[in-house]
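Trainee: Before we go through the assignments, could you set each value against its cut-off, so that I can follow how each label is reached?

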Amino acid sequence: MQLSLSSTPLPSRLYELRSIIEPIDLAELFPLPQPLEVELGSGDGSFLAEYARRHPERNFIGIERLLGRLRKLDRKARRAGLANLRAIRIESSYFLRHLLPPGSTTALHIYFPDPWPKRKHHRHRLINEGFPSIACRALAPGGAVFLRTDHPDYLDQIDFVFGQCDAFVPIETPGERLVVLTDFERAFQAQGVKTMHAGFALRA
Ligand SMILES: C[S@@+](CC[C@H](N)C(=O)[O-])C[C@H]1O[C@@H](n2cnc3c(N)ncnc32)[C@H](O)[C@@H]1O
């Protein structure tokens, strides 16, 4: 059950950072201390708003750099009365490195990250050789990273960088996560574009 009352509209779910130096205080973001999941590059919030609605017993943060997309997420969350969902405008890697308290999230969702298809631009990809260690820092014991992409070449890079990191083991993505689609995923499916997914959990 959500904490919001239907007669009392929720205030904006966008969270204005007080500092870009100090880690966020999760108790300030959420009314209930519950397990946290974070989506990086949450786009218009199609996945996160629906997934948060299905899981009121968890808290969720969407990270996105584009304000227009964050506002769409905010509208979805407020319409659904989701007190367990917040959105922050910040760069994903910076958020993981400096603002998310270490060991605080049980899952990282990264769906259709910008593929940067040209080889000379691959260095801009979010999932690069440094990513598993920053994910490792962010995750609680037993936590996992779930990814989706439409780029076979990016999936190869994802498999490679996580394969190089002893902290992670590949896992199946639970079906109850896969059935909740993202905005880009819906568009790819409508165009008949094949999409792929991968999951990696912290080694026990
Ligand atoms: C291809 S879109 C996918 C959006 C959404 N995950 C979906 O599947 O519908 C990638 C999203 O990530 C955001 N993004 C890309 N790089 C980012 C970064 N470094 N930090 C935060 N957001 C980022 C973009 O603004 C965009 O909304």
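Trainee: Which residues have the most contacts inside the largest nonpolar core?

Mentor: In this predicted model, the largest nonpolar core has 42 residues, and Leu48, Leu108 and Val145 are those with the most contacts inside it. Leaving aside neighbours within four places in sequence, Val145 is in contact with Leu108, Ile110, Ala135, Gly199 and Phe200.

Trainee: What makes Glu39 count as buried?

Mentor: The cut-off for a buried residue is 20 or more other C-beta atoms within 10 Å; Glu39 has 27 such atoms within that distance, and it is therefore called buried. Its place is in strand β1, residues 36-40. Beyond its neighbours within four places in sequence, Glu39 is in contact with Phe47, Leu48, Gly62, Ile63 and His109. Glu39 and Ile61, which are 22 residues apart in sequence, have their C-alpha atoms 6.3 Å apart in space.

Trainee: What is the order of the strands in the open sheet, and why do β3 and β6 stand at its edges?

Mentor: The open sheet has seven strands in the order β3-β2-β1-β4-β5-β7-β6, and the pairing is mixed. Strands β3 (85-89) and β6 (168-171) each have a single partner strand, so one side of each is left without a neighbour in the sheet, and they stand at the edges. From one strand to the next, the twist averages 20°.

Trainee: How do you know that β1 and β4 are paired?

Mentor: Two strands pair if at least two bridges are found between them, and five bridges join β1 to strand β4, residues 105-111, with the two running parallel. Leu36 stands opposite Thr105 in β4, and Leu40 stands opposite Ile110 in β4.

Trainee: Which strand pairs with β4 over six bridges, and what is the hand of the crossover that leads there?

Mentor: Strand β5, residues 139-149, pairs with β4 in the parallel sense over six bridges, with Thr105 opposite Leu139 in β5. The chain crosses from β4 through helix α5, residues 131-138, to β5, and this β-α-β crossover is right-handed.

Trainee: Why is β4 described as largely enclosed?

Mentor: Six of the seven residues of β4 are buried, so the strand is largely enclosed by the rest of the structure.

Trainee: Is Phe112 buried or exposed, and how does Trp116 score by that count?

Mentor: Phe112 has 21 C-beta neighbours inside 10 Å, and because the cut-off is 20 or more, Phe112 counts as buried. Trp116 has 15 other C-beta atoms within 10 Å; a residue is called exposed at 12 or fewer, so Trp116 falls in between and is partly exposed. Neither is a glycine, yet Phe112 has a positive phi of about 55° and Trp116 has a positive phi of about 40°.

Trainee: Which residues are closest to the ligand, and which element gives the most to the shell around it?

Mentor: The ligand is surrounded by 19 residues, of which Gly41, Gly43, Thr182, Asp183 and Phe184 are the closest. Helix α8 gives the most to the shell, with three residues, while β2 and α8 (183-191) each supply at least two.

Trainee: Where does helix α3 lie?

Mentor: Helix α3, residues 67-79, lies across β2 (59-64) and β3, and it runs at about 170° to β3.

Methods: Residues are numbered from 1 along each chain as its sequence is written. This is a predicted model: local features need pLDDT of at least 70, side-chain atom pairs count only at pLDDT 80 or more; totals for chains, interfaces and linings use all residues. Helices (H or I, at least four residues) and strands (E, at least two) are DSSP runs, numbered from the N terminus. Two residues are in contact if their C-beta atoms, placed from the backbone, lie within 7 Å. Axes are lines fitted to C-alpha atoms, for helices over the stretch in contact, and angles run from 0 to 180 degrees between N-to-C directions. A crossover is right-handed if, with the strands pointing away from the viewer, the path from the first strand over the helix to the second runs clockwise. A nonpolar core is a set of buried Ala, Val, Leu, Ile, Met, Phe, Trp, Tyr and Cys residues joined through C-beta atoms within 7 Å. A residue is near a molecule or strand if its C-beta atom, placed from the backbone, lies within 6 Å of it.
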